[in-house]
Amino acid sequence: MPADNESLPCPAGPDDHRRVIIVGGGYAGVTLAVRLGRALRERRDLTAEVMLVEPNPCQEALSELDLVAAGPERPEFCELWLPAVLKDLPVRTCFNRVEAIDPRRRVVTTTGGHEVGYWRLIVCTGAVPSLPPIPGIEGRAVTMWSVADAQELQHQIAQQFRVAARLPSRDERREALSFTVCGGGATGVEIAGTIGQLLPKRAAEVGLERDDLRISLIEGRPEILYDLPEPQRKKATQRLEQLGVRVITGSMISEITESDVVLESGEHVPSAVLAWCGGAKADPHAADWGFEMDNSRRLLAEADLKAVGFDDVYVLGDVASFRDPETHRTLPMLAQFAIREAEHTAGNICRELTGDPTTGFHPHMHGEFVSVGPSWGVGWMWKFQLSGIPAIFMKRLTYILYWWQVGGVKLAWSRGRELLAMQR
């Protein structure tokens, strides 16, 4: 079956009893489309039509946004173009937005009112930034959830350097070059670390000094990187401080003004540029599609990753609420779980195509790595805790492995070389 990369609209037609529609082109959606496409190409006992519905023709690597946000790197580095990945696979791509899903009629409706029926539906539309009701946050904070966000932060940083270069006193320059990152999770630490490592060099290039910079990372909890072991948290904090980043913990934000972030402790943190990395929530559109949700409005998943109450719908990734059968805890929003859920679902759909029963998903977290600047990191893998160059190497390696899984050796080699060349 030849690949058919389509734009608007999605192909209409009768509800083929073998049509599989994947809604969402993130880690889960792309992994699933590639796995199913390869299975259909290689196995004669499988017959199905696979369609990926996603408005953006490229997947964005959110964990590498810091390299664009605080550096001169090309935004294309964080983008994986879907037509290139899927061009040799029997997968239709429909670059359109899903307006509605009717699971009772088994129909997906895209922009323009185009209805497409399905035999199996996979909902993996991910998450969006979560902005709390803090006075002044709207319009001031740059969220970190897309390449466009990273480019906006890069633009604001560059603009402040132009402003600072005209100012006569150090105090005025420090006000103009005050950069604040809110949120001490992985994204916030990565943005703050990259800013701390790269901006002193940029300051020197335009005739300014390192002391003209004022960089802050704010986390309301007592420590940053709560998902990592305590020794790794402390190493990350020490590394940030070495890079000139002031780490402020233990106080929530009460207000954001034009020039400051005001903490509940009463402290005012100067902030000419503000990056918001304070969490995410499930895609809010999915709440309107008729599936059961948990209290955080993530779609409830059964043991085999099917939506509760629907035998023909799977829910994966950040939009889904899946409880680990061993710990009974809901899986966090991490790319590694989205990828493994997609791999398991591809196997389950192949089983259903051949009349076999589905199997339950058993998650296993192999490790987690966070960069603290482009050339240094912290994290763990199995029973080993790593920091420095070994940790950043493992973080970069996870992306090379993902590119290899979805795009083969050629993609992994070309993107891997580009990634390694960025190390400083």
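Reader: How many aromatic pairs does a search of the whole structure find?
Author: The search finds 5 aromatic pairs in this predicted model.

Reader: What makes Phe322 and Phe361 a pair, and what decides its type?
Author: Two values settle it. The ring centres are 5.4 Å apart, and the cut-off for a pair is 6.5 Å. The planes meet at 65°. An angle over 60 degrees counts as edge-to-face, so this pair is edge-to-face.

Reader: Why is the pair of Tyr399 and Trp403 called tilted?
Author: Its planes are 50° apart. Stacked needs under 30 degrees and edge-to-face needs over 60, so the rest are tilted. The centre-to-centre distance is 6.2 Å, and the limit is 6.5 Å.

Reader: How are Tyr399 and Trp403 separated within helix H9?
Author: They are 4 residues apart in H9 (residues 389-421), so about one helical turn separates them. An α-helix has 3.6 residues a turn, so residues three or four places apart point the same way.

Reader: Are Tyr399 and Trp403 buried or exposed?
Author: Buried means under 20% relative accessible area. Tyr399 has 9%, so it is buried. Trp403 has 3%, so it is buried too.

Reader: What makes H1 largely enclosed?
Author: The count does. Of the 16 residues of H1, 12 are buried, so the rest of the structure largely encloses this helix. Among the buried ones are Tyr27, Val30, Leu36 and Leu40.

Reader: How do you know that the length of H1 agrees with what its residues should span?
Author: At 1.5 Å a residue, its 16 residues should span 22 Å. The end C-alpha atoms are 22 Å apart, so the two agree.

Reader: Which residues touch the most other members of the largest nonpolar core?
Author: Leu121, Val123 and Phe291, in a core of 116 residues. Helix H1 (residues 27-42) gives the largest share of this core, 9 residues. A second, separate core has 13 residues, including Ile134 and Ile253.

Reader: Which residues does Leu121 contact beyond four places in sequence?
Author: Ile21, Val23, Ile101, Val108, Phe291, Asp312, Val313 and Tyr314.

Reader: Why do the buried residues of H4 line one face?
Author: Seen down the axis of H4, they fall within an arc of 165°, so they line one face of the helix. Leu153, Ile157 and Phe161 are among them.

Reader: Why is Thr249 called partly exposed?
Author: Its relative accessible area is 34%. Buried needs under 20% and exposed over 50%, so a value in between is partly exposed. Thr249 lies in strand E15 (residues 245-249). A polar atom of its side chain lies 3.1 Å from the backbone oxygen of Pro222.

Methods: Residues numbered from 1 in each chain as written. Predicted model: local features only at pLDDT ≥ 70, side-chain atom pairs only at ≥ 80, totals over all residues. Heavy atoms only, no water. Buried < 20%, exposed > 50% of the residue type's maximum accessible area, 1.4 Å probe, protein only. Helix = DSSP H or I, 4+ residues; strand = E, 2+ residues; numbered from the N terminus. Arc of directions from axis to C-beta. Polar contact = N/O pair within 3.5 Å; in protein donor to acceptor, adjacent residues only side chain to side chain. Core = buried A, V, L, I, M, F, W, Y, C linked by side-chain atoms within 4.5 Å. Contact = heavy atoms within 4.5 Å. Phe/Tyr/Trp six-rings, centres within 6.5 Å; stacked < 30°, edge-to-face > 60°. Expected span 1.5 Å × (residues − 1).
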